[in-house]
Amino acid sequence: MSNEPLLTMRGIKKSFGKMRVLRGIDLDVDYGEIVALVGDNGAGKSTLIKIITGVHKPNAGEITYKGQPITLHSVKESRELGIETVYQERALADLQEMWRNIFAGREITTFLGFMDVKAQRRETERLLREHMGFTSSAISVNSPVKSLSGGEKQGVAIGRALHFNADLIILDEPTMGLALRETDRVLNFVRDFRDQGKSAIFIDHNIFHVYDVADRFVILDRGQVAGQFTKAEITQDELIANMVHLHHTGTLQ
């Protein structure tokens with residue numbers, strides 16, 4: 001494993017017309033690190049992750065991934081590098097079976113090029129039991145996604161990222177709308193990332209959720225990094241107080 005960060009971003013700028021959304025962002029994510037990206041609506045969080053995942057191209061700045069400079073032109077390119085995103089809307093097809101959702105657009109095929117349904121069901125079963133934490137016999141690889149709870153749906157989306165061996169998993173508001181028990185399930189998934197040597201960027205408005213699992217907190221404000229702290233450097237109450245102070249005054253305490 002390299003001593004360099006997994007992901008390095010330097011001087012990232014992005015404008016949409018005359019609107020300057022990112023004003024020179026510097027961000028590192030180390031191997032096996034959970035980084036919480038926090039800030040008010042409009043701080044630039046979503047735009048930044050869309051640059052990391054190839055949805056948007058920055059107007060200026062450099063990105064290095066695994067020690068190599070990269071320029072992303074599409075989500076497909078970011079996935080090929082090992083970057084996956086789990087969105088709050090989960091991007092799942094509710095009427096389709098679980099195994100179809102895992103492999104949608106990236107199906108396992110036979111040597112003749114036909115879709116290998118048996119292999120996809122078998123791999124989904126392994127993910128179901130080993131990584132997604134589904135133990136109930138009521139849920140199978142053939143269960144339609146619409147029959148799952150919110151936390152279970154997030155488990156499917158995260159299982160998909162794990163199957164495709166992502167090194168960096170971006171979680172965009174993954175606990176939004178979930179009950180307490182379902183939230184705990186998702187947070188346990190995030191803890192497992194670290195145990196497997198994976199990295200994550202965790203975006204969530206709920207500081208209690210973020211603080212529980214993150215190693216480091218990067219605070220964005222109006223397109224800039226207002227500050228960053230490791231968990232050892234700031235308590236949960238101090239982090240919340242800083243966020244409130246930033247909202248009212250434009251500066252950290």
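The questions and answers below concern a predicted model of one chain.

User: How many helices and strands are there in the chain, and why is the chain as compact as a globular protein of its length?
Analyst: The chain has eight helices and 10 strands. The globule rule gives 18 Å for 253 residues, and the radius of gyration of the chain is close to that, so the chain is as compact as a globular protein of that length. The radius of gyration is 19 Å.

User: What does the C-alpha trace span along its principal axes?
Analyst: The trace belongs to a chain of 253 residues, of which 45% are buried. Along the principal axes, its span is about 55 × 40 × 35 Å.

User: What share of the contacts in the chain comes from residues 24 or more positions apart?
Analyst: A contact here means heavy atoms within 4.5 Å. Among contacts with a separation of 6 or more, residues 24 or more positions apart account for 65%.

User: How much of the accessible surface belongs to carbon and sulfur atoms?
Analyst: The accessible surface of the chain is about 12500 Å². The part belonging to carbon and sulfur atoms is 49%.

User: Which helix gives the largest share of the lining of the second largest pocket?
Analyst: This pocket has a volume of about 160 Å³ and is lined by 14 residues. Nearest its centre lie Asn41, Gly42, Lys45, Ser46 and His205. The largest share of the lining is three residues, and they come from helix H1 (residues 45-52).

How values were computed
Residues are numbered from 1 along each chain as its sequence is written. This is a predicted model: local features need pLDDT of at least 70, side-chain atom pairs count only at pLDDT 80 or more; totals for chains, interfaces and linings use all residues. Side-chain values use heavy atoms; hydrogens and water are left out. On a 1 Å grid over the protein atoms alone, a cavity is a set of points where a 1.4 Å probe fits but cannot get out, and a pocket is an open set with protein on both sides within 12 Å along at least five of seven lines; lining residues have an atom within 4 Å of a point. Grid points are joined across faces, edges and corners, and a volume is the space filled by probe spheres set on the points. Helices (H or I, at least four residues) and strands (E, at least two) are DSSP runs, numbered from the N terminus. The radius of gyration is taken over C-alpha atoms; the globule rule is 2.2 Å times the number of residues to the power 0.38. Buried means under 20% relative accessible area, exposed over 50%, partly exposed in between (1.4 Å probe, protein chains only). Accessible areas come from the Shrake-Rupley method with a 1.4 Å probe; for residues, only the protein chains shown count as cover.
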